Amino acid sequence: MITEKGVWNRLRSRLLFTGPTLFAFLTVMIVPFFYGIYLTFTNWDGISTTHTLVGFKNYGAVFKDTEFWKSFGLTLKYVLFTVILINVIAFLLAYVLTKGLKGQSFFRAGFFLPNLVGGIVLGFIWQFIFNNVVVYLGQKAAIPLLSASWLSDPDKAFWSLVIVTVWQYAGYMMVIYVAGLMGVPNDILEAASIDGANGWTKMRKMILPLMVPSFIVCIFLSLQRGFMVYDVNVALTQGGPFKSTELVSMHVYEKAFLARDYGLGQAEAFVLFLLVAGITLLQVYFSKKMEVDA
Amino acid sequence: MVGSKSSFSWLKFIVLAIVLILFIVPFVLLLINSFKDNNAITSNPLSLPHHFSFSNYKTAFDEMGYLSAFMNTFIITTVSVLLISLCAAMTAHYFVRNNTKFNQITFLLMVASMIIPFQAIMIPLVKIYGSLGMLDSKWSLIYMYVGFGSSLAVFIYHGFVKSIPVELEEAAMIDGATRTQTFFRVVFPVLMPTTATISILNVLWIWNDFLLPSLILVNPEQHTLPLSTYSFYGTYTVDYGPLMAGLVLTILPIIIVYLFAQKYIIQGVMQGSIK
Amino acid sequence: MKRFKGIQLLVLSLLVVMIVSACGNSASSSNQGSSEGSNSGKDVKITLLNSKGEIQQQLEEAAKAFHEDNPNITLEVQAVPNGGSPFERASALYAAGNPPTMIMLDTGDVEKFKDRILDLSGEKWNQDAVANATDFTTFEGKNYAFPFAIEGYGFIYNKAVVDKAVGGNFDPSTIKTTNDLENLFKQIEASGKKALVISPMDWSLGAHYLPLAYAGQNKDMAEVNKFIDALKAGQVDLASNKVFNGLMDTFDVMMKHNIDSASPLSGQYERGAELLGKGEVGIWFMGNWAWPQISGYDTANKQYGFLPVPISNNPDDYGNQEISSAVSKRIVIDKEKSTPEQQAAAKKFLNWLVYEQKGQDFLVNKMNIIPAFKNITLPAADPLGKSIQDYIAKGKSEQSMSLLPADHWKQVGASMQKYLAKASDRATLAKEIQDYWKNVK
C-alpha cells in the first residue's frame with residue numbers, strides 16, 4: 001500500500017492515476033448503458049424528437065417476440081458448436097505445436113493469420129468462397145453437396161457460420177493454449193514417462209488438470225465472442241436464407257433500426273446482456289471450482 | 001523404432017501442413033482475384049490472372065481515398081493504443097497499490113463491464129454524444145476507444161502489477177520520488193512486455209473495427225480503411241475486382257507489420273493470457 | 001526531479017487536450033454552420049445523401065454540372081452504405097447532429113422526419129408533378145418531399161428470346177392470364193432456352209412480388225388501404241383471398257419453370273441480369289432499375305420490355321394488364337441544421353433537375369430515371385423505362401405499395417423465400433404474412 005501525505009496529495013494522485021481511465025470508462029460505457037436501460041421504458045423510434053414513457057411494455061414484448069427467442073436458441077446452438085470446435089482444434093494444434101516440431105513457429109504464425117483481419121472483411125472473403133469458389137469446384141467435380149451455394153440452405157448456412165468462426169478464432173485460442181502448455185513443467189512429464197505412464201495417461205492425469213486455467217480463459221473468450229457475434233453474421237449470411245441464420249445480436253439490431261422499434265430493440269439487448277452475463281458467470285464459477293478441485 | 005517414430009512425425013507434419021493451407025487459402029484467393037476483372041472472377045474464381053494488371057488497385061486506391069483513410073486509421077489506432085496503455089497501466093497500478101474497498105469495487109465493475117454487448121450501448125452512445133455535438137471526429141472516436149478498451153487493459157495490467165515486488169517502488173520512494181515518478185521510472189519500464197501485449201491486442205481490434213467508426217465517423221473525409229472498403233458494395237451488385245483489391249489494401253499494412261513482428265505478436269498474445 | 005514533473009505535466013496536458021479537443025469539436029462544428037450562414041451569397045456547400053447506389057456516379061457528375069451552372073454552390077453526394085437503409089443512415093446522422101442538406105428517402109420514411117424537414121409546398125414543381133405524386137408525402141396539407149423517380153416492375157422479357165419462341169414479333173399485350181404466361185414459358189422452353197429466372201432476394205420477393213397481392217385487391221387505393229387495415233386487425237383470411245391465391249398460382253407456375261428450381265435460393269441479383277441479358281432465359285421478374293446491369297450483358301440489341309404479373313385467368317381482372325409502378329424515392333431538405341442559404345441552394349438544385357435542360361438530361365438520359373414531372377418530355381433513354389412509361393401513358397398502371405412497414409420486405413421476404421425453397425406451403429405462407437401484420441407496430 002502506497003499513500004501520500006495529506007488529503008490534497010492523495011486526491012491528486014488518485015485523479016492523475018485513475019481519473020482519465022475512469023472518466024472515459026464511465027462516460028463511454030456506464031452512462032450509455034444506464035441511459036439505454038432508461039430508453040427501454042420509452043417508445044422512442046430512433047428518430048422522432050420526442051418519446052413517452054411506456055413502463056414495462058417493451059419487456060413484455062420481449063417475452064412475446066418469438067423471433068427473439070428463436071434467434072437466441074439458434075445462438076445457443078451456434079455458441080455450443082463453436083466453443084467446442086474452436087477449443088478442441090485449438091488445443092490439438094497447440095499440443096502438436098509444442099512438441100518441438102520443425103517449423104513450429106512458422107505454423108503458429110500461419111494459424112494466427114485470420115486474427116489479423118476484421119469480421120466484415122473475412123465475412124466478405126468467405127461469402128465469396130462459399131458462393132463462388134466452392135460452387136465452382138463442386139460443379140467442375142460434380143459433387144452435389146458442393147454444387148449449390150451453402151449459404152442458400154438453412155442448415156449449411158449455419159455450418160458455414162460455424163466454420164468461419166472456428167477458422168477465425170482457433171488460431172488465437174491456440175496461442176493461449178501454447179502458452180499454457182509451455183507452462184507445464186517438463187520434469188514432471190519425464191518423471192511420469194519413467195514411471196511408465198503412456199501418452200493418454202499423461203494427458204489425462206497431468207496435462208489437462210494443469211491446463212484448467214487456460215481452458216477457463218479460452219472458453220470464456222469464445223463464449224463471449226460467440227454470443228456477441230455480429231459482423232460475420234451480417235457480412236456472411238445477412239441472416240438468410242429466410243432468416244434461418246439470424247443470430248441474436250443481428251435480431252436486436254434489426255428490431256431497433258429496421259423495424260424502428262428502438263425501445264424494444266434496446267430492451268432485447270438488455271435481456272441479452274442479462275442472459276449472457278448469467279451464462280458466463282456460471283461458466284467462470286464452475287471452472288474456478290474445477291480448478292480448485294483439480 | 002526410430003524409423004516409425006520419424007515417419008509418424010512426418011505424418012503429423014503433413015496433416016498440419018494441410019490444415020495450414022486451409023487456413024491460408026482464403027487470403028491466397030483474395031490476392032489472386034484482386035488482379036482479375038469481374039468476368040474472370042465469376043467465371044473461374046480459381047484461375048490465375050492472365051496478366052498482372054494493377055487497374056483494380058488503382059481504382060480501389062482512388063475510390064477509397066486510400067491515403068487519407070490510411071492516415072485516419074493510423075492516427076486513430078496509434079493514439080488510442082498509446083492512451084489506453086498509459087491510462088490503464090496507471091489505473092491498474094493505483095488499484096493494486098491502494099487495494100481499498102472502493103478500488104476493488106471499481107475494478108470489479110470494470111471487469112464485469114466486459115460482458116456488456118456493444119449492441120446494448122451503441123445507440124445511447126450515439127444519441128448522447130450526438131446531442132453534445134461530439135460525433136464525426138477522430139478525437140471523439142479515440143476517446144471512446146479509451147473508454148471501451150480500458151477495462152480489458154486494466155484487467156491484464158492488474159495481474160502483472162501484482163507480480164512486481166512492492167519493495168522496488170518503496171525503495172524509490174524512500175529516495176524521495178513521488179508516486180508519479182516511481183511509476184514512470186520503475187513500474188512502467190517493468191511493465192513493457194505487458195504494454196506490448198496490450199498494444200498488439202488493441203491494434204488488431206482498432207485497426208479492423210467497423211461498427212463503432214461507422215456510427216461515429218459520418219463524413220467521408222474521416223473514414224477509416226474498413227469503412228472506405230465498404231463503399232465498394234453497390235446497392236444491388238458487387239464489383240468484385242476493385243473490392244478484392246480494396247480488401248487487400250486494407251489488410252496489407254497489418255500483414256506487413258505481422259511479417260516483421262510475428263514472433264512478438266504471438267508472444268504478446270501468449271503473455272496476455274497468462275495472468 | 002524537474003524531469004518527472006515534466007512527465008506529470010505531459011500526462012495532465014494529454015488529458016486536457018483530450019477533453020478540449022472533444023469539446024472543441026462541438027464548438028467548431030457549430031461555428032461552421034454559422035460562418036457559412038454569414039457568408040451568404042458567397043460559397044454555399046450542400047450535401048445530398050443518396051440512397052440509390054446505382055446512380056451514385058451519375059449524381060456526382062450531375063453535382064459537378066450543377067456547380068458549373070451555379071459556381072457558388074458546391075454539392076457533395078454521399079452514399080448510404082450498403083446493407084444500411086436510408087432511414088438508418090439518416091437517423092444516425094441526425095443523432096450525430098450532422099444531417100446532410102438533402103436526403104433521398106423511401107416514401108414511407110418521409111413522415112418520420114416530418115418535424116425535421118422543410119415544407120416544400122411552395123415550390124413550383126408541385127404543380128408540374130404527375131397525378132398523386134406527392135400524396136404520400138403530404139401531411140396536414142403540406143408536402144414535405146420532392147418526388148425523385150418513378151419505378152415500375154414486372155416480368156422483363158428479352159425480345160430476341162421471346163420472338164424466337166413465339167415465331168415472330170412478340171406482342172406483350174397477348175399475355176393477359178396465368179395460362180397465357182405458362183404457355184409463353186413452354187414456348188420459350190420449346191425453343192431451347194430456359195423460361196425464366198426468379199431472383200430470390202428478400203427485397204425482390206417481399207417488397208415487390210408479394211405486395212402485388214395487396215395492390216391488386218382493388219383499383220381504388222382507398223379500398224387497398226382498408227384491406228391493409230383489415231390485415232392489421234387480423235380480419236383477413238389470405239388463404240381464401242382470390243387475389244393472393246391467383247398471385248401465388250402464378251408464382252407456382254414461375255417456380256415450375258425457374259431455371260434455378262434445383263437450388264432456388266442460391267442466385268444473386270447479378271445472375272438474373274446476366275441470364276436475361278445473355279438470352280439464356282426469356283424472362284426475369286425485376287424492375288426498370290435493372291437496366292444498367294442488363295445492358296452490361298445485352299445480346300438482344302436493347303430490345304426489352306415489361307409484362308404485368310397476371311393474378312387470374314380472367315383477362316379483365318384488375319392487375320392482369322397493369323404494370324405496378326409508383327414514385328419510389330423522395331428528396332427532403334433538412335431544416336434543423338442547414339442555413340437558409342443552404343436550404344435555398346438545395347431548392348435550387350431540385351429546380352435545376354426539373355426545369356433546366358442539363359438537369360433533365362442528367363435525370364433521364366444519364367441516371368435512367370423516369371421523372372415524376374409532366375413538363376419533362378424527354379423520352380426514357382432505356383427500353384425498360386420506356387416500357388414503363390408506355391404502360392403509364394396508356395393508363396395501364398397499378399400503384400405499387402409505397403407505405404409498407406419498414407421491415408415488411410425482410411420479414412415477408414423471408415416467408416416468400418421459404419415458400420420458394422419449398423420449405424413451407426401456401427397455408428403456412430398465408431399464416432406467416434397474417435401474423436406479421438397482426439404484430440406490426
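Domain 1 and domain 2 of chain C bury about 1,200 Å² between them, and carbon and sulfur atoms give 67% of that area. Buried area is the accessible area (1.4 Å probe) that two parts lose on being put together, summed over both. This is a predicted model, where local features need pLDDT of at least 70 and side-chain atom pairs count only at pLDDT 80 or more, while totals for chains, interfaces and linings use all residues. Residues are numbered from 1 along each chain as its sequence is written, chains are lettered from A and ligands numbered from 1 in the order in which they are written, and side-chain values use heavy atoms, leaving out hydrogens and water.

**Two domains of chain C**

- Domain 1 of chain C covers 41-150 + 326-384, and domain 2 covers 152-325 + 402-439. Such bounds come from an automatic or database domain assignment.
- The C-alpha centres of these two domains of chain C lie 30 Å apart.
- Twelve residues from domain 1 of chain C and 17 residues from domain 2 of chain C take part in the contact. Contact means heavy atoms within 4.5 Å.
- Phe136(C), Pro383(C) and Leu384(C) supply 50% of the area that domain 1 of chain C buries against domain 2 of chain C, more than any other three residues.
- Zero salt bridges are counted between the two domains of chain C. A salt bridge is a side-chain nitrogen of Lys or Arg within 4 Å of a carboxyl oxygen of Asp or Glu.

**Chain C against chain A**

- Here 30 residues of chain C are in contact with 25 residues of chain A.
- About 2,500 Å² is buried between chain C and chain A, with 60% given by carbon and sulfur atoms.
- The rule finds one salt bridge across the interface of chain C and chain A.
- Lys410(C) forms a salt bridge with Glu254(A), and the closest N and O atoms are 3.2 Å apart.
- On the side of chain C that touches chain A, the largest share, six residues, comes from H16(C). Helices (H or I, at least four residues) and strands (E, at least two) are DSSP runs, numbered from the N terminus.

**A buried serine in chain B**

- Ser34(B) lies in the loop between helix H1 (2-33) and helix H2 (38-43) of chain B.
- Ser34(B) counts as buried because its relative accessibility is 0%. Buried means under 20% relative accessible area, exposed over 50%, partly exposed in between (1.4 Å probe, protein chains only).
- Not counting residues up to four places away in sequence, Ser34(B) touches Asn56(B), Tyr57(B), Gly241(B), Met244(B), Ala245(B) and Val248(B).
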